[in-house]
Amino acid sequence: MIIDFHTHCFPDELAPRAMSKLSQNSGMPYYHNGTLSGLKESAKKSGIDMCVVLPIATKPQQTRTINRWALSVMEENKDIICFGTVHPEFDKWKEEIRWLKENGFAGIKFHPDYQDFFVDDKKMYPIYDAIFQNDMVILFHSGVDPAFMPPYHCTPKKLHKVLKDFSGAKIVAAHMGGYKFFDKTLECLIGEDVYLDTSFFFGEVDIQNPEKIFRNHGIDIILFATDSPWKDQKREVEYVNSLRLSEEEKEKIFWKNAQQLLGLKIVHRAK
């Protein structure tokens with residue numbers, strides 16, 4: 001089994017415009033058309049059984065609309081798990097977090113660059129605390145986003161502060177702790193109590209022994225992820241299969257760690 005812990009898609013009517021704009025702003029190509037059907041087709045061709053979709057509200061008023069769409073996607077597709085989204089300036093964030101929990105969402109994705117906040121800003125702490133009090137996961141985009149210029153809002157150093165202030169919380173740092181900040185990941189995050197997803201790591205970081213990095217951090221807290229449609233899911237699967245890891249270690253990265261983090265009840269929906 002393979003679970004891709006970091007993917008994106010959009011409603012069919014929005015996907016063409018969204019993909020064109022995002023690709024133009026970031027300078028990155030894409031590997032499917034950005035629709036749910038495009039994601040599912042890509043996953044099937046790549047041998048991926050489940051995808052975790054991570055929507056983002058870039059404006060406060062988008063929060064509820066996106067979350068209701070995400071719920072409809074999960075209700076109609078047993079191979080899709082959606083995280084929720086909460087814009088920091090959405091005034092009813094407490095009610096929305098409660099709604100997300102009641103409707104079976106396992107976690108919430110934040111993108112500090114798109115949502116214009118620094119990850120360690122104390123104004124965010126009540127929101128984080130409410131999410132963790134509901135036993136939910138937070139996944140942060142970490143490091144560079146090619147569509148933005150410095151300063152970047154979630155660096156490994158800043159995220160490390162959050163880890164210390166919320167010790168024991170369920171936190172995932174995307175892009176192995178920080179896209180284009182991997183030297184700081186090694187300094188600030190490796191060995192810490194944080195899940196790292198592998199999106200934009202393979203083929204991006206010039207490192208001779210990724211297996212050693214995974215083991216030093218802890219195989220049990222590495223999550224296979226692609227950031228599809230911005231990476232080729234099939235190629236990312238091949239990268240993991242090419243690593244000098246045991247089959248048990250690969251299974252943990254591919255799906256067992258995600259199963260543990262999300263809970264058996266959620267993963268079991270795919271069966």
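Author: A contact here means heavy atoms within 4.5 Å. Of the contacts in the protein chain with a separation of 6 or more, 75% join residues 24 or more positions apart. The model is a predicted one.

Start with the whole chain. The protein chain holds 11 helices and 9 strands. A compact globule of 271 residues would have a radius of gyration near 18 Å, and the protein chain, at 17 Å, agrees with that. Its C-alpha atoms fill a box of roughly 50 × 40 × 40 Å along the principal axes. Of the 271 residues, 58% count as buried.

Now the cysteines. How many disulfides does a search of the whole structure find? The count is 0. Take C9. The closest cysteine sulfur to that of C9 lies in C82, 6.5 Å away. A disulfide needs two cysteine sulfur atoms within 2.5 Å, so the gap between C9 and C82 is too far for a bond.

C9 has 5% relative accessibility, so C9 counts as buried. C82 has a relative accessible area of 1%, so C82 is buried as well.

Last, the surface and the charges. The accessible surface of the protein chain comes to about 12300 Å². Carbon and sulfur atoms make up 48% of that surface. The chain carries 35 positive and 38 negative charges, and their mean positions are 1 Å apart.

Key
Residues numbered from 1 in each chain as written. Predicted model: local features only at pLDDT ≥ 70, side-chain atom pairs only at ≥ 80, totals over all residues. Heavy atoms only, no water. Helix = DSSP H or I, 4+ residues; strand = E, 2+ residues; numbered from the N terminus. Rg over C-alpha atoms; globule rule 2.2 N^0.38 Å. Buried < 20%, exposed > 50% of the residue type's maximum accessible area, 1.4 Å probe, protein only. Areas by Shrake-Rupley, 256 points an atom, 1.4 Å probe, with all protein chains shown as cover. Lys, Arg positive; Asp, Glu negative; His and termini not counted. Charge placed at Lys NZ, Arg CZ, Asp CG, Glu CD.
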